[in-house]
Amino acid sequence: MPRTVAFREALNEAMAEEMEKDDRIFLMGEEVGHYDGAYKVSKGLLKKFGEKRVIDTPIAEGGFVGVGIGAAMVGLRPIIELMTWNFSFVAADQLINNAAKIRQMSGGQFTLPVVFRGPGGSAHMLAAQHSQSTEALWAHIPGLKVVMPANPKDAKGLLKSAIRDDNPIIFIEGEVLYADQGEIPDGEYTIPLGVAEVKRPGTDLTIIGWSKMVKIALATAEALAAEGIEAEVVDPRTIRPLDEELLVQSVSKTKRCLILEEGWPFNGVGAEIAYRIGRRCFDDLDAPVERLTGADMPMPYNHHLEQQCIPDVPRAVAAAKKLLYLE
Amino acid sequence: MSAIESEASESHQAARNTDKTTLARYYHQMLAIRRMEEALAKAYALRKFGGFLHLYIGQEAVAVGALAALKPDDYVIATYREHAHAYAKGMGAKEIIAELFGKATGCSKGLGGSMHLFDASKNFLGGYGIVGGHIPLAAGTAFASKYRGDGRVTLCFFGDGSVPQGAFHEGVALAALWRLPVVFICENNLYSMGTPLYRSLSVADVSQKALGYGIARDRFDGDDVIRVRDRIAEAVRRARNESLPTLVEIITYRFRGHSMSDAGLYRTKEEVEEWKKRDPIAYGRELLVRAKMDEKEIVAIEQKVTEEIEEAVKFADESPELAFERLSEFTYKE
């Protein structure tokens with residue numbers, strides 16, 4: 001019997017189940033223990049696993065991200081929570097120069113089974129420094145895997161796979177998704193990294209989106225369906241490695257592709273996907289691949305301005321119609 | 001009298017208490033490191049390899065003395081000036097030189113080079129190219145030791161140039177907060193690249209940084225391998241038995257430039273010559289003479305070192321390179 005849980009509870013279950021099985025796994029980050037998590041993702045884990053395995057840190061991302069990497073080098077399997085991915089930049093040297101490269105620089109002698117996780121993307125009126133999508137930055141770097149679940153089921157299954165993976169994982173949780181409810185299977189399950197999913201089948205165009213953009217994509221598909229247009233929504237779920245095959249398969253069928261991305265357009269994940277679709281589906285496409293992205297500027301604080309900087313349903317519908325030459 | 005001067009007599013006593021075989025081992029290691037790096041400098045000049053080459057010549061007693069205080073299970077992590085630490089941790093000159101030559105037989109299969117020597121089997125956790133960036137990793141390996149209760153100690157080497165870096169402070173702060181079994185060793189060679197200490201640090205005594213973090217500290221000269229061993233042994237004991245970190249500052253001097261492209265215009269020839277009078281290897285030899293080792297035996301060690309390095313260079317020369325087709329398997333673990 002499937003159960004309905006919140007996105008944050010699904011993540012919590014994934015960590016608790018894996019920690020139960022493997023005592024090499026520990027959770028470390030700001031406020032993860034005694035405060036029960038800044039976003040309550042780690043709620044109850046301190047009580048369950050104790051201070052040895054649920055470790056509160058000072059505000060020193062460069063330090064404790066490095067601690068996670070060092071501990072992983074010698075055989076532990078850390079989960080390092082970043083209170084938000086906005087704070088990851090002070091740990092960028094650790095993530096880019098150490099986490100992503102130690103395996104290769106050491107000729108494969110050291111592997112890094114470590115998950116860096118926390119909320120990403122914009123929320124509401126948090127202004128420029130607290131509202132940004134970082135997946136394009138991390139996905140740029142060979143040696144890192146980037147995972148971005150869109151619903152509770154994916155969140156739990158992907159986080160369990162991430163924890164079991166032997167590579168450094170960037171696991172980005174949509175900040176506005178934490179309270180979302182969704183069905184998850186009862187009992188043990190995992191979802192493999194690098195496998196996309198068709199979230200809604202359709203025939204007239206493909207809408208590609210991940211994390212909270214899946215919600216916009218599905219709502220856009222509903223709006224289009226009211227006008228007799230059937231959109232297929234595909235969620236890559238893992239940005240790196242990217243399940244190019246499923247994206248190509250979908251676009252080869254629908255012949256039109258719209259990519260929704262919350263982040264900035266320049267060198268965005270959507271730019272990479274558009275290139276791959278363009279190359280692989282060149283003969284099938286009935287229109288150039290379209291992107292709807294976050295505005296190419298730092299996020300403004302003002303609510304109305306902010307909302308105009310994030311892809312929404314009306315603009316996604318308009319972009320879809322443009323693809324179908326309906327406007 | 002400074003703390004450093006007061007150590008002279010105690011150190012001579014310690015040397016007298018060290019048996020001849022042990023002194024010979026230290027001398028062998030220091031000399032092999034020196035000869036290995038001289039061979040590397042020569043090969044570099046002959047363009048046998050490229051990239052950066054940061055020589056340790058002049059500082060040998062620090063790596064050899066400090067690592068003599070460890071058990072094989074203990075972890076060592078270092079900077080890009082780490083050939084000596086790798087050798088002293090038990091890695092062979094063959095694997096080190098082959099790595100610099102970019103060969104598949106190198107300790108990192110030719111993928112890391114001079115700055116990124118690694119050997120998991122010897123618990124040598126690497127050389128790192130970003131100044132200070134490895135210091136939080138040392139806190140991480142020490143965290144793992146405490147987490148598992150495996151009794152291991154982590155030795156983390158860095159230069160005075162790392163001290164202004166945030167990563168140094170974050171790594172030390174966490175090790176202090178969590179009482180981690182790690183020894184932070186600042187090899188203060190008085191210059192961060194070409195910038196003298198007084199232009200990069202407001203307080204010349206690096207060990208004082210320990211005061212702010214509430215951890216033990218030590219500070220001494222690095223030209224005597226026995227002194228280095230015994231003082232580091234104190235810090236290692238504190239880490240192993242009490243799970244407490246120590247910040248140790250060792251004053252030393254590199255006789256060569258920061259890297260091979262360094263013309264050395266920021267310091268005088270006289271200063272360099274003055275420091276060369278305190279060559280740790282000459283002192284290591286003196287210890288053997290004082291311990292009444294036969295001159296023939298000492299020459300035999302030196303001969304053995306020469307052969308060891310010649311053989312290693314030959315091995316590196318004749319080794320194959322990794323095929324490009326194999327490269328991708330090192331990016332991700334399948």
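# Two chains, their contact and their parts

Me: How many residues of chain B are in contact with chain A?
Reply: The model is a predicted one: local features need pLDDT of at least 70, side-chain atom pairs count only at pLDDT 80 or more, and totals for chains, interfaces and linings use all residues. Residues are numbered from 1 along each chain as its sequence is written, while chains are lettered from A and ligands numbered from 1 in the order in which they are written. Two residues are in contact if their C-beta atoms, placed from the backbone, lie within 7 Å. On the chain A side 35 residues take part, and on the chain B side the number is 32.

Me: Which element gives the most to the side of chain B that touches chain A?
Reply: Helices (H or I, at least four residues) and strands (E, at least two) are DSSP runs, numbered from the N terminus. Strand E2 (124-128), helix H6 (135-148) and helix H7 (166-177) of chain B each supply at least two residues to this side. The most, 9 residues, comes from H6(B).

Me: How many residues of the side of chain B that touches chain A are nonpolar?
Reply: Ala, Val, Leu, Ile, Met, Phe, Trp, Tyr, Cys and Pro count as nonpolar, Asp, Glu, Lys and Arg as charged, and the others, Gly among them, as polar. On this side of chain B, 10 residues are polar and 3 are charged. The number of nonpolar residues is 19.

Me: What is the radius of gyration of chain B?
Reply: The value is taken over C-alpha atoms, and the globule rule is 2.2 Å times the number of residues to the power 0.38. For 334 residues a compact globule would come out near 20 Å, and chain B agrees with that, having 19 Å.

Me: What share of the residues of chain B count as buried?
Reply: A residue is buried if 20 or more other C-beta atoms lie within 10 Å of its own, exposed if 12 or fewer, and partly exposed in between, with C-beta atoms placed from the backbone. Chain B is built with 12 helices and 8 strands. Of its 334 residues, the buried share is 51%.

Me: Is B:Ile215 buried or exposed?
Reply: B:Ile215 is found in the loop between helix H8 (209-213) and strand E7 (216-221) of chain B. Beyond its neighbours within four places in sequence, its contacts include B:Ala176, B:Leu244 and B:Leu247. With 22 other C-beta atoms within 10 Å, B:Ile215 is buried.

Me: How many residues does domain 2 of chain A give to the contact with domain 1 of chain A?
Reply: The domain bounds, which come from an automatic or database domain assignment, are 3-184 for domain 1 and 197-323 for domain 2 of chain A. The centres of these two domains, taken over C-alpha atoms, are 26 Å apart. Domain 1 of chain A brings 24 residues to the contact, and domain 2 of chain A brings 22.

Me: How many residues of H3(A) are buried?
Reply: Helix H3 (residues 61-73) of chain A reaches 18 Å from its first C-alpha to its last, close to the 18 Å expected at 1.5 Å a residue. That expected span is 1.5 Å times one less than the number of residues. H3(A) is largely enclosed by the rest of the structure, since its buried residues number 13 of the 13.

Me: In E5(A), which residue is the bridge partner of A:Ile80?
Reply: Strand E4 (residues 77-81) of chain A has 5 of its 5 residues buried. Two strands pair if DSSP finds at least two bridges between them; E4(A) pairs in the parallel sense with E2(A) over 5 bridges, and also in the parallel sense with strand E5 (residues 115-120) of chain A over 3 bridges. A:Ile80 and A:Pro78 point one way from E4(A), and A:Arg77, A:Ile79 and A:Glu81 the other. The bridge partner of A:Ile80 in E5(A) is A:Phe116.

Me: What is phi of A:Glu31 near?
Reply: A:Glu31 is in the loop between strand E2 (25-29) and helix H2 (45-49) of chain A. The residue is partly exposed, with 17 other C-beta atoms within 10 Å. Its phi is positive, in a residue other than glycine, and is near 65°.

Me: Which way, cis or trans, is the peptide bond from A:Arg240 to A:Pro241?
Reply: A:Pro241 is placed in the loop between strand E12 (238-240) and helix H9 (244-254) of chain A. With omega near 0°, the bond from A:Arg240 to A:Pro241 is cis.
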